Amino acid sequence: MTIVQNKDLTAWNTFGLKVSCACFVEYGSVAELEDLWKRNRDGLGLPETGGAGDGTAFPRPILHIGRGSNLLFTKDFPGTVFHSDIKFIEVDGGSDAVSVEVGAGVLWDEFCRWCAEQGLWGPENLSGIPGETGAAAVQNIGAYGVEAKDFIRLVKCFDCITGKTVAFKVSECRYGYRESIFKTSAKGRYVVTSVCFSLSSDSRPRLEYGHVRSAVDKVLEDSGKPLTPAMVRDVILSIRNSKLPDPADVGSAGSFFKNPVVPRSDYERVASIARIRHGDDCRVPHFDAGSGFIKIPAAWLIDQCGLKGYRDGNAAVYERQPLVIVNLTGEAAPEEILAVEKKVSDTVFSRFGIRLYPEVEHI
């Protein structure tokens, strides 16, 4: 267990913003988390006071993070940041359906790489997404037609109120588009300690999204070998790397905005505006979201507003993917990221009447 006062969080947010927290606590096991709770029962969750176990108080508020890959710190954090360093991957047998439990602190892409090496299908389309496994279950990360909920079986948590460990079935997590119970009604109460996945050793590729299938077909044609999770993973990584910045090189939180899901009447208005500007042959990319709703790619809306590459000081809209806001120089202040966010949101709303909402959590 590690407790550090006045911790620099630059390496703990993928935007690379130079912010700090009053206190940083890292634990390596559920037992250490339980010990923290027993010694400081008010310090881990919702109550108003807390202690660091040495007679000093944990500064409030309390924030549990992974690698900060979906966070935008808007200023120095005045409270205590908790981080899980619980790292393990355990297999529970099976010939077809294979149950795998993964510690919350395991890097998500390390888990994806491990699955590909083992020939297990499930997370290959989510390869390359930064962050940790616990955060992936909270966020219900998704990419290329797949979401984490598609193969999550259980989410094991520590209850900061009762001090007990609990397990949520996937149906109890109330997963939606980048949503879960851990971000809504139960936010702050439960800390994910591990996630149980149901994977498959039988071939179950998901190739329907975008040009994934054509890219995979090209790989199969060139290799002359049967399709494997590793092949799909390599294709996904290649696609991501062609569009998205590596946070190690250019700070970002990946996709900054959610794709708006709107009534069909709003989609028709957007399509009409696009035809007026670009001619009758203009087609708006969209996906049926069910119940009369349509999902429109936020990247398309932003691009149509001419904002790709837009810059404000040290922050910018990424030139190769307008859904991403970047710390272009590595010196951006939170205010500069927020200014670019506002510019994008206001411009899209002004042109299309569609309000974009951030996928990134503001702290």
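This is a predicted model: local features need pLDDT of at least 70, side-chain atom pairs count only at pLDDT 80 or more; totals for chains, interfaces and linings use all residues.
Which residues have the most contacts inside the largest nonpolar core? Residues are numbered from 1 along each chain as its sequence is written, and side-chain values use heavy atoms, with hydrogens and water left out.

**Exercise 1. Find the centre of contacts in the largest nonpolar core, then list what supplies the core.**

Step 1. A nonpolar core is a set of buried Ala, Val, Leu, Ile, Met, Phe, Trp, Tyr and Cys residues joined through side-chain atoms within 4.5 Å. Buried means under 20% relative accessible area, exposed over 50%, and partly exposed in between (1.4 Å probe, protein chains only).

Step 2. Read off the core. It has 48 residues, and Phe257, Leu301, Ile337, Val344 and Phe352 have the most contacts inside it.

Step 3. Find the suppliers. Helices (H or I, at least four residues) and strands (E, at least two) are DSSP runs, numbered from the N terminus. Among the elements that each give at least two residues to this core are strand 2, strand 5, helix 6, helix 7 (298-304) and helix 8 (334-352).

Step 4. Zoom in on one residue. With contact meaning heavy atoms within 4.5 Å, isoleucine 337 touches Phe15, Leu17, Leu72, Phe256, Ala315, Ile325, Val326, Asn327 and Ala332, leaving aside residues up to four places away in sequence.

Step 5. As background, nonpolar side chains in soluble globular proteins tend to be buried together.

**Exercise 2. Work out the strand order and pairing of the four-stranded sheet.**

Step 1. Two strands pair if DSSP finds at least two bridges between them.

Step 2. The order is 1-2-5-3 in an open sheet, and the pairing is mixed. Strand 1 (2-8) and strand 3 (62-65) each have a single partner strand, so one side of each is left without a neighbour in the sheet. The twist averages 25° from one strand to the next.

Step 3. Check the senses. Strand 1 and strand 2 are antiparallel over six bridges, whereas strand 2 (residues 20-27) and strand 5 (residues 77-84) are parallel over six bridges.

Step 4. Follow valine 25 across: isoleucine 3 stands opposite valine 25 in strand 2, and valine 25 in turn stands opposite phenylalanine 82 in strand 5. Another partner pair is tyrosine 27 with serine 84 in strand 5.

Step 5. Look at the cover: six of the eight residues of strand 2 are buried.

**Exercise 3. Is asparagine 140 buried or exposed, and what does asparagine 140 touch?**

Step 1. Locate asparagine 140 in the loop between helix 3 (133-139) and strand 8 (142-143).

Step 2. Asparagine 140 counts as buried because its relative accessibility is 0%.

Step 3. Beyond residues up to four places away in sequence, asparagine 140 touches Glu147, Ala148, Lys149, Tyr175, Gly176, Arg178 and Glu179. A polar atom of the asparagine 140 side chain lies 3.1 Å from the backbone nitrogen of lysine 149.

Step 4. For contrast, take aspartate 281, in the loop between helix 6 (264-278) and strand 15 (287-290). Aspartate 281 is exposed, with a relative accessible area of 71%.

Note on methods. Axes are lines fitted to C-alpha atoms, for helices over the stretch in contact, and angles run from 0 to 180 degrees between N-to-C directions. A polar contact is a pair of N or O atoms within 3.5 Å; within protein, one must be able to donate a hydrogen and the other to accept it, and residues adjacent in sequence count only if both atoms are side-chain atoms.
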